[in-house]
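Biologist: I would like to learn how to read a model of this kind. Please take me through it one feature at a time.

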Amino acid sequence: MANHGDNERLRQLDEKIARAKGGDDKSGSMASDKYSQANTAWRMVTELVAGIVLGLGIGLGLDALLGTKPIMLVLFILLGFVAGVRVMMRTATDIQKKQVAEAAKDERD
């Protein structure tokens, strides 16, 4: 009889652990969502900075080759900025599409 009582207590303990893990999974997904948002923000910043730095490099290189000191530098920095903003906007659009798809999936369920 004592063995049956121990099995019942173990089953109850397993249920409590499963419920506790279920609660932790929700908070864990919220934490991972925060990290996901931070990673997305860093990705966007990196894309913008990469465009500007690439424009800076091309502009300096062309200025050195052509002897037109500030013209190409300014032009390609601006072009790099525009390219970086376009890539950021494309990333934001992709993220928005994913969120809309997830919301539609959640509504169906």
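Modeller: Start with residues 44–65, where the chain is 100% helix and 0% strand, and the end C-alpha atoms are 32 Å apart. Helices (H or I, at least four residues) and strands (E, at least two) are DSSP runs, numbered from the N terminus. This is a predicted model, in which local features need pLDDT of at least 70 and side-chain atom pairs count only at pLDDT 80 or more, while totals for chains, interfaces and linings use all residues. Residues are numbered from 1 along each chain as its sequence is written, and side-chain values use heavy atoms, with hydrogens and water left out.

Biologist: Which residues does UniProt list for "transmembrane region"?

Modeller: The unreviewed UniProt entry lists residues 44–65 and 71–89 under that name. UniProt positions follow the numbering used here, feature names are shortened, and annotations may be inferred rather than shown by experiment. In the model, residues 71–89 are also 100% helix and 0% strand, with their end C-alpha atoms 27 Å apart. Ile 71 lies in helix α2 and is exposed, at 57% relative accessibility. Buried means under 20% relative accessible area, exposed over 50%, and partly exposed in between (1.4 Å probe, protein chains only). Ile 71 and Leu 60 are eleven residues apart in sequence, yet their C-alpha atoms are 9.5 Å apart in space.

Biologist: How many residues does α2 have, and what length is expected?

Modeller: The expected span of a helix is 1.5 Å times one less than its number of residues. α2 has 40 residues and covers 60 Å from its first C-alpha to its last, close to the expected 58 Å. Within α2, Gly 80, Gly 84 and Thr 91 are buried.

Biologist: How many salt bridges does the structure hold?

Modeller: Side chains of opposite charge can pair when their charged atoms come close. A salt bridge here is a side-chain nitrogen of Lys or Arg within 4 Å of a carboxyl oxygen of Asp or Glu. The structure holds four. One of them joins Arg 9 to Asp 6, at 3.9 Å from N to O. These two residues are three apart in helix α1, so about one helical turn separates them. Arg 9 is exposed, with 60% relative accessibility, whereas Asp 6 is partly exposed at 40%.

Biologist: What does Arg 11 form a salt bridge with?

Modeller: Its partner is Glu 15, with the closest N and O atoms 2.3 Å apart. Arg 11 and Glu 15 are four residues apart in helix α1, again about one helical turn. An α-helix has 3.6 residues a turn, so residues three or four places apart point the same way. Both are partly exposed: Arg 11 at 39% and Glu 15 at 36%. Glu 8, Arg 11 and Glu 15 are linked in a network of salt bridges.

Biologist: Is Glu 47 buried or exposed?

Modeller: Glu 47 counts as buried, at 18% relative accessibility. Its salt-bridge partner is Arg 43, and their closest N and O atoms are 3.2 Å apart. Arg 43 is partly exposed at 47%.

Biologist: Which residues line the largest pocket?

Modeller: A pocket is an open set of points on a 1 Å grid over the protein atoms alone, where a 1.4 Å probe fits, with protein on both sides within 12 Å along at least five of seven lines; lining residues have an atom within 4 Å of a point. Among the lining residues are Asp 33, Arg 43, Thr 91, Ile 95 and Lys 98. α1 (2–66) and α2 (69–108) each supply at least two lining residues, and the largest share, seven residues, comes from α2.
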